[in-house]
Amino acid sequence: MDPADAAVMRALALYVAEHYASDLRMPALASHVHVSVRTLQNLFHSHCGEPPLKALRRFRLHQLNSLVLDRPWTPLRELYRLCGLTGSVADRDFFLEIYGLTIREHQEGARLKSTPVPSPSALTEFPKGELRHMLKAAA
């Protein structure tokens, strides 16, 4: 890749990493790195193999993936908003394509991992015989 093109891609990557939750549009992205929209599209196709907005959605979904792992109990609509996503069918389908499961499945898995396992001492805190009674009733 031409050094000038590499510099444009680096500058754009830094800008997107800082502003990915904002409403980013092609004209604004191109303007930020001082190239035309068409030049930006060509650079992305040659460097990333995909259109700029698809690469942006991919980046946002990676951010969403991380947020779900860090905050599994936060409602998905809030996590979508924090990542600049809307929760559209395209977002959900692309997440499924990248990670092999839906966002909801990913969140449920993260919730299971974040739920503390009861310690043995918690089981012995019942009054004498109550735990045995509960176990017998469950069986």
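Which residues of H4 are buried?

1. The buried residues of H4 are Pro52, Ala55, Leu56, Arg60, Leu61, Leu64, Asn65, Leu67 and Val68, where buried means under 20% relative accessible area with a 1.4 Å probe, protein chains only. Their cover includes H1, H2, H3, H5, H6 and H7.

2. This is a predicted model, in which local features need pLDDT of at least 70 and side-chain atom pairs count only at pLDDT 80 or more, while totals for chains, interfaces and linings use all residues. Residues are numbered from 1 along each chain as its sequence is written, and side-chain values use heavy atoms, with hydrogens and water left out.

3. The chain contains nine helices and zero strands; helices are DSSP runs (H or I, at least four residues) and strands are E runs of at least two, numbered from the N terminus. Of its 139 residues, 29% count as buried.

4. Leu12 touches Leu29, Val33, Leu40 and Phe44, residues up to four places away in sequence not being counted; contact means heavy atoms within 4.5 Å.

5. The 19 residues of H4 should span 27 Å at 1.5 Å a residue, and the end C-alpha atoms of H4 are 27 Å apart, which agrees. The expected span is 1.5 Å times one less than the number of residues.

Note on methods. Buried < 20%, exposed > 50% of the residue type's maximum accessible area, 1.4 Å probe, protein only.
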